[in-house]
Amino acid sequence: MVSKRWTHSNTTVYNIGYHLVWCPKYRRKVLVGDVEKRLKELLFKKAEELGVGIESLEVLPDHLHLFVKAPPSAAPHWIVQQLKGYTSHELRKEFKSLRTRLPTLWTRSYYVESCGHISEDTIKRYIEEQKKK
């Protein structure tokens with residue numbers, strides 16, 4: 001898991017974090033046992049391929065929470081699309097019960113919230129103070 005506050009590239013210094021949540025279709029409690037274990041492995045593998053760091057991950061029987069750090073070029077919808085698509089494909093291939101109980105593994109929807117080290121109020125105050133300097 002990643003723990004640095006800032007990431008540096010050739011042209012950018014950034015700290016972009018997203019809290020992501022999504023559920024299996026019909027909110028079925030299928031993310032347990034071997035499915036849960038394999039899901040975690042697949043998420044870490046795909047995140048590394050995408051250049052996204054998983055800071056925190058919790059898998060509950062009927063949904064999962066991820067806190068990821070991402071580069072500015074990785075839009076949240078793209079991250080979710082890649083993670084959901086890859087994990088659905090691999091898990092449904094490996095676990096027959098997921099193919100027989102559900103038409104698709106994941107719902108089409110998800111929750112995303114951007115998170116940073118500094119609060120929204122602090123940023124607004126900082127910007128307002130700039131003209132006074």
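**View 1. Arg27 lies in the loop between strand β3 and helix α1.** The model is predicted: local features need pLDDT of at least 70, side-chain atom pairs count only at pLDDT 80 or more, and totals for chains, interfaces and linings use all residues. Residues are numbered from 1 along each chain as its sequence is written; side-chain values use heavy atoms, with hydrogens and water left out. Helices (H or I, at least four residues) and strands (E, at least two) are DSSP runs, numbered from the N terminus. Arg27 is not a glycine, yet its phi is positive, at about 50°. Tyr26 sits in the loop between β3 and α1 too. Its phi is near 60°, again positive in a residue other than glycine. Most residues other than glycine have a negative phi. With a relative accessible area of 54%, Tyr26 is exposed. Arg27, at 43% relative accessibility, is partly exposed. The classes are buried under 20% relative accessible area, exposed over 50%, and partly exposed in between (1.4 Å probe, protein chains only).

**View 2. Lys29 meets Pro61 and Asp62.** Lys29 lies in the loop between β3 and α1 (33-50). Its relative accessibility is 55%, so Lys29 counts as exposed. Neighbours within four places in sequence aside, Lys29 is in contact (heavy atoms within 4.5 Å) with Pro61 and Asp62. Lys29 and Asp62 are 33 residues apart along the chain, but 4.4 Å separates their C-alpha atoms.

**View 3. Trp22 and Trp106 form an aromatic pair.** A search of the whole structure finds one such pair. The ring centres are 5.9 Å apart and the planes stand at 85°, so the pair is edge-to-face. Rings of Phe, Tyr and Trp (its six-membered ring) pair if their centres lie within 6.5 Å; planes under 30 degrees apart count as stacked, over 60 as edge-to-face, the rest as tilted. Distant parts of the chain are linked here: Trp22 is in strand β3 (residues 17-22), and Trp106 is in the loop between α3 (96-101) and β6 (111-115), 84 residues apart. Both Trp22 and Trp106 are buried.

**View 4. Four strands make an open antiparallel sheet.** The order is β4-β5-β3-β6. Strands pair if DSSP finds at least two bridges between them. β4 (53-60) and β6 are at the edges with a single partner strand each, so one side of each has no neighbour in the sheet. From one strand to the next, the twist averages 15°. β3 pairs with strand β5 (residues 63-69) in the antiparallel sense over six bridges. Here Tyr18 stands opposite Val68 in β5. β4 and β5 pair in the antiparallel sense over seven bridges. Ser56 has Phe67 in β5 as its bridge partner. A hairpin joins β4 to β5 through two residues.

**View 5. Helices α1 and α2 lie across strands of the sheet.** α1 lies across β3, β4 and β5, running at about 160° to β4. Helix α2 (residues 76-94) lies across β3, β5 and β6, at about 45° to β3. Axes are lines fitted to C-alpha atoms, for helices over the stretch in contact, and angles run from 0 to 180 degrees between N-to-C directions.

**View 6. Cys23 and Cys115 are in no disulfide.** A search of the whole structure finds zero disulfides (cysteine sulfur pairs within 2.5 Å). For Cys23, the nearest cysteine sulfur belongs to Cys115, 17 Å away. Cys23 is buried, with a relative accessible area of 16%. Cys115 counts as partly exposed, at 28%.

View 7. Along the sequence the pattern reads β-β-β-α-β-β-α-α-β-α. Its C-alpha atoms fill a box of roughly 65 × 30 × 20 Å along the principal axes. Of the 133 residues, 36% count as buried. Among contacts with a separation of 6 or more, 70% come from residues 24 or more positions apart.
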